[in-house]
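Please open the model in a viewer and follow the stops below in order.

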Amino acid sequence: MNLGSPDSPEVKDVKRYLHEFLMDEKVIDVPFLVRIFLVKGIIAPSRAANSAAAYRSIWTKKGSPLIEFTKQLQQEVQKEFDEPVEIAMRYGKPSPQDAYENLLQKISDLQEVILLPLYPHYAMSSYETAAEYMKEVHQKGNYNFKLTTIKPYYNNVDYITALAESIKPYLQHDFDKILFSYHGIPERHIRKSDITKSHCLTSSDCCEVDSPAHDYCYRHQVRVTTKLVTQQLNIQVDKYEISFQSRLNDKWLKPFTDIRLEEMPKEGIKKLLVICPAFVSDCLETLEEIAERGKESFLQAGGEKYTMIPCLNIHPLWVQAITKWIKEYEGGNYKMILP
């Protein structure tokens with residue numbers, strides 16, 4: 001299950017997609033009437049045209065890159081299983097219902113569906129809303145089969161190894177720094193997801209102090225991913241940093257990617273590698289925001305070389321990781337299953 005995409009880069013389709021996406025209460029977590037006013041009255045009308053232009057800049061002959069990469073991943077994983085593999089999107093098509101019905105057409109006595117959210121880290125506006133929506137559609141449809149969900153895999157050795165190996169070839173060339181740019185979220189989402197209600201964002205080192213809150217803390221989890229990958233690749237601490245992209249305002253997680261890209265050349269960082277590990281499939285936020293606009297900002301600020309490392313997409317080790325998790329579960333190992 002991935003995020004989803006407009007049906008086309010036309011303004012009307014982008015506006016429809018924005019309505020569905022932004023009306024999700026786990027994305028814009030304000031009262032329903034306020035959300036309607038913000039989304040339908042202000043955000044969607046004002047952003048649709050610009051968003052459509054951004055989508056047009058990355059759209060391919062086959063359509064949305066995110067949809068296409070997800071289909072390719074489906075096809076690669078399918079090669080490893082006799083059981084059918086389907087895809088669903090949190091917003092847009094194919095819907096969870098589409099996926100369930102397609103599976104039932106192939107297996108009439110379907111007993112269990114394993115859901116893999118294509119989000120390595122837990123956040124209420126990504127992993128949580130995807131998993132909960134899939135569950136909601138399952139319950140409303142009164143389906144007889146069981147729904148089992150793969151848990152966030154931000155620290156799983158197979159995911160970390162796949163991510164590290166996808167980065168390794170780019171380290172063979174001279175670079176000043178590698179920037180791990182994660183999708184940003186509002187700081188209030190971090191606090192709302194804190195099951196202790198007393199840990200997250202209460203101190204500068206909260207992510208380093210053990211807490212049950214870390215199972216649901218996006219900020220902690222992206223730091224763990226970065227630490228494990230850089231350790232595996234032997235990247236020194238002064239050669240990498242973390243930032244957060246796609247912000248809507250200044251109350252989101254910091255530091256901001258767009259600001260850092262403008263600042264880095266002034267600090268002597270002229271050759272930059274950028275990777276976006278919050279995404280496993282290249283999409284608008286990686287191909288347009290980072291690879292196009294991010295590069296332009298960095299070079300205009302005095303940077304000399306800018307390289308975006310692609311997402312995992314269909315990297316062989318990523319396909320192997322997914323296959324391994326499912327086959328281990330089939331064999332009775334529940335370590336990757338959400339409790």
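Predicted model: local features only at pLDDT ≥ 70, side-chain atom pairs only at ≥ 80, totals over all residues.

Beyond its neighbours within four places in sequence, Y218 is in contact with H121, Y122 and A123, with Y182, H183, I185 and I190, and with F244, L253 and A278.

Next, widen the view to the largest nonpolar core. This core has 101 residues, and Y218 is listed with Y153, I178 and W318 as having the most contacts inside it. Helix 2, residues 32-58, gives the most to the core, with 8 residues. In soluble globular proteins, nonpolar side chains tend to be buried together.

How many cavities of 30 Å³ or more does a search of the whole structure find? The search finds 3, and the largest cavity has a volume of about 70 Å³. To display its lining, select L3, G4, S5, Y17, Y55, I58, S64, P65, L66, C283, L284 and E285. By class, these lining residues comprise 8 nonpolar, 3 polar and 1 charged.

The following stops concern the backbone. Most residues other than glycine have a negative phi, and most peptide bonds are trans.

Select K93 and P94: the peptide bond from K93 to P94 is cis, with omega near -5°. P94 is placed in the loop between strand 2 (89-91) and helix 4 (96-106).

Move on to K254 and P255, which are joined by a cis peptide bond with omega about 0°. P255 is found in the loop between strand 6 (240-245) and helix 9 (257-263).

Remain in that loop and select S246, which also lies between strand 6 and helix 9. The phi of S246 is near 65°, a positive value in a residue other than glycine. Is S246 buried or exposed? S246 counts as buried, because its relative accessibility is 18% and the cut-off for buried is under 20%.

Finally, select L201, in the loop between helix 7 (187-192) and helix 8 (218-232). L201 likewise has a positive phi, near 60°, and is a residue other than glycine. With a relative accessible area of 23%, L201 is partly exposed.

How values were computed:
Residues numbered from 1 in each chain as written. Heavy atoms only, no water. Core = buried A, V, L, I, M, F, W, Y, C linked by side-chain atoms within 4.5 Å. Buried < 20%, exposed > 50% of the residue type's maximum accessible area, 1.4 Å probe, protein only. Helix = DSSP H or I, 4+ residues; strand = E, 2+ residues; numbered from the N terminus. Contact = heavy atoms within 4.5 Å. 1 Å grid on protein atoms, 1.4 Å probe; cavity = no way out; pocket = protein on both sides within 12 Å on 5 of 7 lines; lining within 4 Å. Points joined across faces, edges and corners; volume = space filled by probe spheres on them. Nonpolar A, V, L, I, M, F, W, Y, C, P; charged D, E, K, R; others polar.
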